[in-house]
Amino acid sequence: MTASGHTLSVELCTDERTFAGLAEQWGRLHDACPSATPFQSHAWLHSWWLSYGTPDGLRLFLVRRGGELVAAAPLMRVRHPLPKLVPIGGAISDFCDVLLDEKEAEDGSRALADALADAARTALIDFREVRPGSAVEQVYGRWRGPRHRLRDSTCLELPALPMTELVKRLPPTRAQRVRNKVNKLGRLGVEWRVVGHDETETALRRLLELHRLQWQGKKMTPEHTRPQFLEHLVRSVVPMARSGQASVTEFLLEGAVVAVDLHLLSGRLLGDYMYGFHPGLRERKVDVATMLLRASTEHVASAGEGRVLSLMRGDEPHKYRWCPDTVYNQRFLLAGRRTAPLLAATVCAAAARCGAKSVRRMVPDSKDHW
């Protein structure tokens with residue numbers, strides 16, 4: 001009981017129309033949760049559900065005090081290979097989490113833990129790709145049943161510094177090469193601009209066209225070629241750009257758009273989510289990574305203090321040239337007494353996959369024998 005006399009109430013929402021109508025309340029809660037990323041915004045999650053949700057799968061755990069939303073766990077039920085509750089957002093979302101109003105974190109996390117404990121009687125709760133310092137850590141800390149924490153994807157981050165300062169972090173020889181590449185961008189006349197809200201949809205469609213050209217003849221993420229991904233991206237990012245949670249940058253050379261970059265923004269990070277560029281830039285010997293990062297550093301520096309520039313999931317070699325900080329996403333598994341065997345099976349499967357990856361890294365390619 002608080003001074004206002006309102007107790008917490010918990011609701012399990014399974015209705016898609018109710019989910020659609022939560023935008024305003026969800027937005028207030030998102031703003032009140034310091035750890036929230038753009039992937040927990042209502043625009044992103046609801047759009048994802050429209051594109052990828054499954055019939056009768058929606059499981060939103062909503063905690064209110066006096067009618068005001070103070071905590072939420074946006075989950076869905078899956079049945080294969082095991083009965084689980086997993087975060088809405090799927091593989092195309094780099095970070096997953098619950099939402100907790102900072103002022104209600106203690107009571108809100110306890111209420112979510114209690115509500116999820118009931119759900120864990122019949123399904124394993126599996127939070128993947130959670131950033132350190134997330135709200136779900138507080139729920140995990142209050143869990144009274146079987147639980148386990150695993151390391152998930154590697155993420156690389158840079159401090160929110162202008163390019164001139166970022167270069168100073170590099171070894172001298174590498175720093176000079178970057179300066180030379182930046183100077184070449186100037187000589188070629190490469191320019192960039194953040195598109196206006198009314199241009200966002202057109203820019204996103206162009207981004208995916210350039211992304212396909214960029215990966216032509218190479219192995220690319222299949223999902224990026226599917227209509228439902230384009231529909232989700234347009235439906236979510238256009239309102240996110242309007243509310244300051246996303247921005248799209250176009251790069252121009254000789255008056256033509258040659259690259260497009262999509263950033264997602266929250267209070268703590270600016271994430272470089274996706275980009276596409278014309279292969280002709282390679283022929284002009286343009287260093288695309290330097291071009292994109294220079295614009296990103298200007299963007300994150302202008303966004304104010306307290307943010308980092310996230311290169312998102314993945315430890316691709318080209319990211320390491322900038323001497324980034326390594327951050328590991330986490331995976332939180334929560335179970336009840338009856339679902340503890342599901343937790344144990346999931347932990348064993350994760351360990352087996354990790355071991356197999358280690359073996360593959362140790363085994364040389366056949367060409368290395370020659």
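Two strands pair if DSSP finds at least two bridges between them. The model is a predicted one.

**Exercise 1. Determine how strand E9 is placed among its neighbours, and whether its residues are buried or exposed.**

Step 1. Begin with the partners of the strand. Strand E8 (residues 191-194) pairs with E9 in the antiparallel sense, over 4 bridges. Strand E10 (residues 256-265) also runs antiparallel to E9, and 8 bridges join the two.

Step 2. Locate residues that face each other across these pairings. Arg193 stands opposite Glu250 in E9, while Val248 is found opposite Leu262 in E10.

Step 3. Inspect the turn. The hairpin of E9 and E10 has 2 residues between the strands, and Glu254 takes a positive phi near 55° there.

Step 4. Consider the two faces of E9. Ala246, Val248, Glu250 and Leu252 point one way, Ser247, Thr249, Phe251 and Leu253 point the other way, and all are buried.

Step 5. Conclude. Because 8 of the 8 residues of E9 (residues 246-253) are buried, the strand is largely enclosed by the rest of the structure.

**Exercise 2. Describe helix H11, and state which residue caps its N-terminal end.**

Step 1. Compare the length of the helix with expectation. H11 (residues 288-302) has 15 residues and reaches 22 Å from its first C-alpha to its last, close to the 21 Å expected at 1.5 Å a residue.

Step 2. Identify the buried residues. Among them are Val288, Met291, Leu292, Leu293 and Val300, together with His299.

Step 3. Examine the N-terminal end. Asp287 is the cap, with a side-chain oxygen 3.3 Å from the backbone nitrogen of Ala289.

Step 4. Lys181 forms a salt bridge with Asp287, in which the closest N and O atoms are 3.0 Å apart. The pair links distant parts of the chain, for Lys181 lies in helix H7 (residues 172-188) and Asp287 in the loop between helix H10 (280-283) and H11, 106 residues apart.

Step 5. Lys181, at 30% relative accessibility, counts as partly exposed; Asp287, at 17%, counts as buried, the cut-off for buried being under 20%.

**Exercise 3. State how many salt bridges the whole structure contains, and examine some of them.**

Step 1. A search of the whole structure finds 24 salt bridges.

Step 2. Asp107 and Arg110 meet in a salt bridge of 3.2 Å, N to O; both lie in helix H4, 3 residues apart, about one turn of the helix.

Step 3. Widen the view. Arg65, Glu104, Glu106, Asp107 and Arg110 are linked in a network of salt bridges.

Step 4. Return to Arg193. Its salt bridge with Glu199 brings the closest N and O atoms to 2.8 Å apart. Arg193 is partly exposed at 33% relative accessibility, and Glu199 is partly exposed at 30%.

Terms used:
Residues are numbered from 1 along each chain as its sequence is written. This is a predicted model: local features need pLDDT of at least 70, side-chain atom pairs count only at pLDDT 80 or more; totals for chains, interfaces and linings use all residues. Side-chain values use heavy atoms; hydrogens and water are left out. Buried means under 20% relative accessible area, exposed over 50%, partly exposed in between (1.4 Å probe, protein chains only). The expected span of a helix is 1.5 Å times one less than its number of residues. A polar contact is a pair of N or O atoms within 3.5 Å; within protein, one must be able to donate a hydrogen and the other to accept it, and residues adjacent in sequence count only if both atoms are side-chain atoms. A salt bridge is a side-chain nitrogen of Lys or Arg within 4 Å of a carboxyl oxygen of Asp or Glu.
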